[in-house]
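Please look through the structure shown below, with its sequence at hand, before reading the account that follows.

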Amino acid sequence: MKNLIALCLLALSSLPLSTSGNKEYSAVWGQNGHRIVAQICYDNLDKNAQNEVDKILGREYLAQVATWPDFIRSEKNWDFSKPWHFITINTNQTVEQVIDEAAKDSKINNVYEAIELMTAILKDDSAAIKTLQDLVNKNKAKLLNNSIKATALAFLIHFIGDVHQPMHVGKNNDFGGNKISVLFFSQKTNLHSVWDSGIIEQEGLSFTDFSDFIERHLAPNKNKLQKANMIDWIKESVKNREKIYNTLYNNTDRSTGLPSLSYEYQHDFLEVVENRLGAAGYRAAKVLNTIY
């Protein structure tokens, strides 16, 4: 079974960069990025929390189910969950304004509200459980392992990863960078895809090696990172997002006029990627340790 899972993960990690854009934004961090977040999270769970996670998932691994919320995006029955992967913060808005406005609507409108919902479900909040179960029933969607808890856990670890990817706290006019064409090591793609998976895959590391590397470097900052709340997480992504936009045209390809992102870009932003992945993993661990 473990060998089969490893082969499936390897095959999925070899998928090419997406060049398409859509208003829902594309899959955040790519598959390995989400596995890295999940692995760091699991490594930093208390024993009680690890036992509960293992009990909820059964034969599955946290790093495995962390990618499930992206796989179901191809299923029409799960279309209602697409807005849960991101939050749009335009330059004329504050994070608090967007969250307050969304709260006026009873629907789950963004990743902030989705994280709150999944956390409440794992805390056995009956109203939260009913909210998700009603949506699943109405849309005839299929739960992960036929379990509301397993589904909420997979969504939670995935969405905490999502909110730490700067381009998923995006601007509506370019759909989080999906509409911005760039060259990444001479391959035409879009800015969102570079941040989903391009920078990570360019390092050529497995998700376990990458997570070990990040933990080795960020461990001294673990407690500081875990003190931040979800509003802080979003504000950090906005700050990083603006740096990404402000440096986009530092290098331009003469023949295409497109931003040309290569070794210098990889060098300049790899640390940002590592910090965001590590922060997401440590913070997800704190959320689950608090629940269990």
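Which residue takes a positive phi in the hairpin of strand 1 and strand 2? In that hairpin, which has 2 residues between the strands, Phe185 takes a positive phi near 50 degrees. The model in which this is seen is a predicted one, in which local features need pLDDT of at least 70 and side-chain atom pairs count only at pLDDT 80 or more, while totals for chains, interfaces and linings use all residues. Residues are numbered from 1 along each chain as its sequence is written, and side-chain values use heavy atoms, with hydrogens and water left out.

Ser186 also lies in the loop between strand 1 and strand 2, and Ser186 has a positive phi of about 75 degrees although it is not a glycine. With a relative accessibility of 69%, Ser186 counts as exposed, where exposed means over 50% relative accessible area, buried under 20%, and partly exposed in between, for a 1.4 Å probe and protein chains only.

Strands of a sheet pair through backbone hydrogen bonds, either parallel or antiparallel. Here 3 strands form an open sheet in the order 2-1-3, with mixed pairing. Strand 2 (187–190) and strand 3 (260–261) stand at the edges with a single partner strand each, so one side of each is left without a neighbour in the sheet. Strands (E, at least two residues) and helices (H or I, at least four) are DSSP runs numbered from the N terminus, and two strands pair if DSSP finds at least two bridges between them. Strand 1 (residues 181–184) pairs with strand 2 in the antiparallel sense over 4 bridges, and Phe184 stands opposite Gln187 in strand 2. Helix 10 (residues 191–202) packs on this sheet and touches strand 1, strand 2 and strand 3, its direction making about 110 degrees with that of strand 2; contact means heavy atoms within 4.5 Å, and the angle, on a scale from 0 to 180 degrees, is taken between N-to-C directions of axes fitted to C-alpha atoms, for helices over the stretch in contact.

In strand 3 lies Leu261, which is buried, with a relative accessible area of 2%. Leaving aside residues up to four places away in sequence, Leu261 touches Val182, Leu183, Phe184, Phe185, Leu191, Val194 and Leu248.

Thr119 is buried at a relative accessible area of 14%, and touches Leu156, Val287 and Ile291, not counting residues up to four places away in sequence. Glu113 is buried yet has no salt bridge, the nearest side chain of opposite charge being that of Lys107, 11 Å away. A salt bridge would require a side-chain nitrogen of Lys or Arg within 4 Å of a carboxyl oxygen of Asp or Glu; Lys and Arg count as positive and Asp and Glu as negative, with His and the chain ends not counted.
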